[in-house]
Amino acid sequence: MSEPPTFSLTDKVIVQFGGTGLLGRALVDALAAAGATLIVASRNRAALATLAATQQAVGHPVQIEEVDIGSAASLATLRDRVLGAQGRIDGIVFNAVSRPMSGYADDLDHWRASMDVNATGFFATVRTFGDAMAEQGSGSIVNIASQMGSIGMNPWLYEGTSMSAAPDYFFHKGGMINLTRYLASHYGKNNVRVNVVSPGGIYNPDTPQADAFLERYGKMTMLGRMADAPEIGGSVVFLLSDASTYITGANLPIDGGYTAK
Ligand SMILES: NC(=O)c1ccc[n+]([C@@H]2O[C@H](COP(=O)([O-])OP(=O)(O)OC[C@H]3O[C@@H](n4cnc5c(N)ncnc54)[C@H](O)[C@@H]3O)[C@@H](O)[C@H]2O)c1
């Protein structure tokens with residue numbers, strides 16, 4: 001009889017990019033609880049230190065590294081540091097996002113600043129770390145996109161609130177989903193899998209979204225509500241684990257049925 005699939009990340013060296021925001025922290029919780037040797041890399045040293053202390057307090061010795069995804073040199077330094085310390089990299093999670101653009105009429109410099117991180121920085125990250133995993137002959141890349149990478153903007157959701165949806169987000173999340181397919185094809189021969197998850201909107205308990213938005217958003221989903229951040233982690237753990245060794249090039253919606261309705 002064959003062994004049951006393992007969802008554990010024990011003994012796997014995982015680098016997570018972006019770990020201090022609402023979803024980032026929840027992913028750290030999930031990956032650390034699944035047993036990963038976890039290196040969390042982002043820009044804000046103070047926020048990283050708080051994250052490490054919080055994880056330490058619950059028995060998860062998460063490592064932290066400062067990186068600027070907009071800099072190829074910073075990414076190469078991080079890759080070399082991880083390989084030097086751990087000897088291998090089994091997976092990465094690209095969860096970072098930069099939001100310099102606040103609305104449709106914003107200056108084009110804000111669009112360019114967004115692309116520096118969310119398009120160029122994203123590609124530089126997956127190529128730098130994907131090549132390292134290709135050389136090893138195994139690895140898993142999980143990109144965090146959004147349902148907004150597959151659907152249009154719905155102005156009705158935001159009516160009467162101060163909320164809005166910036167256009168760059170729809171461009172780079174859509175690009176992330178299709179570049180994932182290209183990367184899966186590129187790295188398949190090296191046994192490096194590349195997948196993307198597309199979360200729906202996540203409820204923020206610290207600064208809750210407007211009531212009108214929450215009510216309308218709930219109506220757009222099959223489950224009648226936004227996601228809670230911890231509900232995203234299980235799918236990411238699955239895609240990093242040996243339970244998904246024949247899944248590559250996939251886009252997994254985690255959106256309460258929003259895009260299926
Ligand atoms: N919050 C939601 O409702 C929602 C829904 C769907 C998808 N997502 C996606 O989930 C991911 C994480 O969301 P979040 O709410 O935790 O975001 P966040 O904005 O709170 O955190 C983003 C992280 O990216 C890091 N970062 C930004 N620029 C960087 C750079 N140049 N170099 C290194 N690190 C950098 C930040 O330090 C931070 O850790 C994003 O990709 C987001 O688009 C979020």
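**Exercise 1.** State the handedness of the crossing of H3 and H4, then describe the contact.

Solution. The crossing of H3 and H4 is right-handed; a crossing counts as right-handed if the near helix is turned clockwise from the far one by less than a right angle, and as left-handed if anticlockwise. On the H3 side the contact is made by Ala-72, Leu-75, Ala-76, Arg-79 and Leu-83, and on the H4 side by Ala-124, Thr-125, Thr-128, Phe-129 and Ala-132 (in contact: C-beta atoms, placed from the backbone, within 7 Å). By class, these residues are seven nonpolar, two polar and one charged (nonpolar: Ala, Val, Leu, Ile, Met, Phe, Trp, Tyr, Cys and Pro; charged: Asp, Glu, Lys and Arg; polar: the others, Gly among them).

The model is predicted: local features need pLDDT of at least 70, side-chain atom pairs count only at pLDDT 80 or more, and totals for chains, interfaces and linings use all residues. Residues are numbered from 1 along each chain as its sequence is written.

**Exercise 2.** Find which residues come nearest to the ligand, and which helices supply its shell.

Solution. Of the 25 residues around the ligand, Gly-18, Gly-21, Ser-42, Ala-96 and Ile-202 come nearest (near: C-beta atom, placed from the backbone, within 6 Å). Helices H1 (22-33) and H4 (108-136) each supply at least two shell residues (helices: DSSP runs of H or I, at least four residues; strands: E, at least two; numbered from the N terminus). H1 gives the largest share, three residues. The shell divides into ten nonpolar, 13 polar and two charged residues.

**Exercise 3.** Count the helices and strands of the chain.

Solution. The chain has seven helices and seven strands. From the N terminus on, their order is β-α-β-α-β-α-β-α-β-α-β-α-α-β.

Methods. Contact = placed C-beta atoms within 7 Å.
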